[in-house]
Amino acid sequence: MTEVLPDAPDVGSLPRTGETYNIVGTSPAHHDFIEKVKGSLLYAADWRLPGMLHAKLVRSQIASGRITRIDTSAALALPGVVAVLTAEDVPYNQIVENASGGLGEVTVSQPVLAADRVRYAGEPIAVVAATEPEIAAEAVDLVEVTYEETPGVFDAESALADDAPLVHEEGNVLVNWNIVRGDVENEMAAADVVVEGEYQSQHVEHAYLEPESGVSWLENDVVTLRISTQVIEHATEIAEILEVPESKVRVIASYMGGGFGGKEDMTVEPYLALVTWHTRKPARMVWTRQESMLASTKRHPFLMRYRTGARQDGTIVAQEVEIIGDAGAYPCLSARVLFAGAALACGPYRVPSVRCTSRAVFTNNVPSSAFRGFGAMQVVFGYESQMDQLASKLGISREEVRDRNYYVKGDTIPSGDEITTAVAVTQTRELALQELGEGPPPTASHKRVGRGFGCGMQPYGRTIWFRDHASAWLTLQTDGSLLIRSGVTDLGAGQAASLCQIASEVLGAPLESISVYIGDTALNPPAGGTFATRQLYMSGNAILRASHDLRDQLTGVAEDLLDAADGELAWQGGKVQAGGRSLTLADLAKECQQRGVNTSNLYTWRAPGGKFDPSTGQGGTFPDYTFGTHAAEVEVDLETGQVEVRRYVASHDVGRQINPVRVEGQIQGGAMQGLGYALMEDCPLDEGQAVSTLFANYLIPSSMDMPDIQVAVVESGEGRGPLGARGIGEPPVGPTAATIASAIEDAIGVRPTQLPITPERILKLLDEAGSAGAQTGEEQA
Amino acid sequence: MKTQIFLTVNGEQHELWVRNDRTLLDALHDDIGLPDVRYGCGEGVCGTCTVLADNEPINACLTFAVQAQDVAIQTLSGLTNASEELHPLQKCFLEHGAAQCGFCTPGMVLTSKVLAQRNPSATRQEIRYELVGNLCRCTGYTKIVDAVEEYFGQVREQASTGGGDR
């Protein structure tokens, strides 16, 4: 199903495995890291410009209704207020995103500023600009918006009813993906056992510590924004909104204080652009934490219904999956999230007959969109719960049921896509369970200890029909230092630093001699946003090839100067060496200048493309996957319902580690986010209104809440990233909830099916289990 | 209405005119220009605005600038001011990879530094307890606690060999 474009060289043609590396595989402290521990790194809110205004949004206070009047006069009369902009001040008041690339979702646009109708509490209605932030805040309260409330719909399943209020006239279903293979009816009927389950996940907040923020100014008549964003390519949409040529908008991304998908859609961008466009003045906008909690996008709550049919020996023969995702009020990236959910709904298991439907449904809740794991993580809770159920129904071990069904290289996923690299999921499971071992007994007679594990499979790289590409531009300066320019954005995971390591490896330029310039639509070749665990895969492959090409460009001159034979050169430590003779990169670069040899290379790497046919539910999906297993030991308090995670191990096949410390950091951080999702985090909404927007009430794991995360890395060397690397940004968040549920079931004999698994839900489960639960308790006590 | 105030920050005195409702956070970040004191929540929950007031960690977002005139304020950048050389605690953060996005790092370092002075024998669990007011969304805390633990070991060693206060 995948095709390789003629200009996409085969990954196998470059050194990947079995080679020794000098820089790749080590964990040096990079430029960004040193600045971070000094506190000197500048984030998006750290810029101040002469005459800068402070911009703030007026947001809808109701979840569904018509705007009958907006009175800005009192706000405008407040001294210090420079502008109050509403829908009529927006040249093209639409954010149009065909998230799936136009493969079947209805086209619904989101206004930049709501004009006549509001669809969620927190939706932007006006933007105020004032000379001081306190004045802007005061002016926001003075903008009088009159509403006529209309009935809303607040959960996705109700929104599917025929008589449900319409969030958009086009209908409440944004997209309905179907992935179909084989004959599910007959296979299910012929199965020895069938297990069914319904699983539910919740709204989750990204909770990056740096809120949405940025500054804007006009420079040479170009609207310039320096913002916290994962995607500088939104410059295109900003230009559309302002109705100016794309060349008149420049977006610069600062290093982010976390993103996790929450800075993948636009946040402050269109509002800053409007203020600067109208006032011709610089502006700054920083969302308060409470605004961010209220109105930033969330993780999709999924309702998942599974039916799994298997033979007596545990071999799966058929699976039916229904997924309903709450998209909230606007499309954002929901079509793509629900696609990932559909494509990965069966997990790392071979399922010959599949019918999966996955719908993104509009409600009058805050919009859901990208969040680390992107639909492929919610379904882990579904498919892993099914596997454990199957094991207990068949009376075989949880390991055995999985061993019967794991993919191997060459298998096809339900959409028909072939898995072309190693599947080392068994290895990750064995490592994780071995590291977990057996812990101490319960600490009290009313507590129970349990152990469990969960396996996961997460794509890296964009869906292949987007024909993704990324560019990197390398220049060897005449003093031997190296410049890297690439439009990547850096979330804090070392996106820029890993480019330096790869270039250093190939060209032998010491890391301290490399400067990397990223995240600028004007001065960098585009690399695509940092999302979909794509950046190492994409810009990493681009920099690897740019480095090889640049080395090839320089090789002739170096061989000549060193009187070296073909293939004799070694590039290391800022020098080129051959047969005991050596030449500095500086001298080489100077000589190249003299001889008119180009010391720059701009490389655009194109990922393999492909097609998916939404009508048949078959076709290409993702470039490749990262597999892993997590294992946990929990202690459950039968009296309070409290779950303590005593030990946690996370194992992934990362292909090859470019920087082991950063890899470990990604895995530990991802697992921790997953643990928050599994046990604590929830954004309760009451008819679309956030019950609380205080950070004090939205609990993310603190240093006290969770144990150390032990990491066990597998390096199969078979990823499709540079030097055989796989992406590791999203994968570690996936298996956590299933792992915890599995350990809890082991402890108390009942399985949680709704997230987060709060003490209240544990107590309810224990109550429902009734006397059976109590008996088990006595036996164990 | 604005009030004239004097703040002592990282050993230097600053004269400012601020509204009475100006937070210490805004005065430090915006008026004095210290990017290492950051807005994260404005509720005293996340700890990204942590500064030391007379060597006591406080949330600058919950303090008015006018209240901070009689204390010596230290921010993370005060640790490296003199020589640009990293403080040993910062070096431990660097060696252990104890930062990802880096937004929580100033608060983590400052809180840990005070704990090191009070109780360099703190256990891993005690370190976790003290850092509870500094949230991190990236690292999962393991590497942060590793870094702090190593620094505490250095402090203990210094103390036993009669070295000076770090």
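This is a predicted model: local features need pLDDT of at least 70, side-chain atom pairs count only at pLDDT 80 or more; totals for chains, interfaces and linings use all residues.
1. Domain 1 of chain B puts 14 residues in contact with 12 residues of domain 2 of chain B. On the domain 1 side, strand E3 of chain B (residues 50-53) gives the largest share, three residues. Sorted by class, that side of domain 1 of chain B holds six nonpolar, six polar and two charged residues.

2. **The interface with chain A.** Turning to the chain pair, 41 residues of chain B are in contact with 44 residues of chain A. Which helices of chain B each supply at least two residues of the side that touches chain A? They are helix H2 (77-80), helix H3 (88-96), helix H4 (105-118), helix H5 (124-130) and helix H6 (142-160) of chain B. The class count for this side of chain B is 21 nonpolar, 13 polar and seven charged residues.

3. **Overall form of chain A.** You will find 18 helices and 32 strands in chain A. A compact globule of 781 residues would have a radius of gyration near 28 Å, and the 27 Å of chain A agrees with that. The C-alpha trace of chain A spans about 85 × 75 × 55 Å along its principal axes.

4. **Burial and contacts in chain A.** Of the 781 residues of chain A, 59% count as buried. If you take the contacts in chain A between residues at least 6 apart in sequence, 81% of them join residues at least 24 apart.

5. **A three-stranded sheet in chain A.** One open sheet of chain A has the strand order E21-E22-E23, with antiparallel pairing. Strand E21 (570-572) and strand E23 (581-584) of chain A are the edge strands, each with a single partner strand, so one side of each has no neighbour in the sheet. On average, neighbouring strands of this sheet are turned by 25° against each other, direction ignored.

6. Strand E22 of chain A (residues 575-578) runs antiparallel to E23(A) and is joined to it by four bridges. A:Gln577 has A:Ser582 in E23(A) as its bridge partner. Helix H14 of chain A (residues 535-562) lies across E21, E22 and E23 of chain A, at about 130° to E23(A). Helix H15 of chain A (residues 585-595) also packs on the sheet, where it touches E22 and E23 of chain A, and its direction makes about 70° with that of E23(A).

Terms used:
Residues are numbered from 1 along each chain as its sequence is written. Chains are lettered from A and ligands numbered from 1 in the order in which they are written. Two residues are in contact if their C-beta atoms, placed from the backbone, lie within 7 Å. Ala, Val, Leu, Ile, Met, Phe, Trp, Tyr, Cys and Pro count as nonpolar, Asp, Glu, Lys and Arg as charged, and the others, Gly among them, as polar. The radius of gyration is taken over C-alpha atoms; the globule rule is 2.2 Å times the number of residues to the power 0.38. A residue is buried if 20 or more other C-beta atoms lie within 10 Å of its own, exposed if 12 or fewer, and partly exposed in between; C-beta atoms are placed from the backbone. Two strands pair if DSSP finds at least two bridges between them. Axes are lines fitted to C-alpha atoms, for helices over the stretch in contact, and angles run from 0 to 180 degrees between N-to-C directions.
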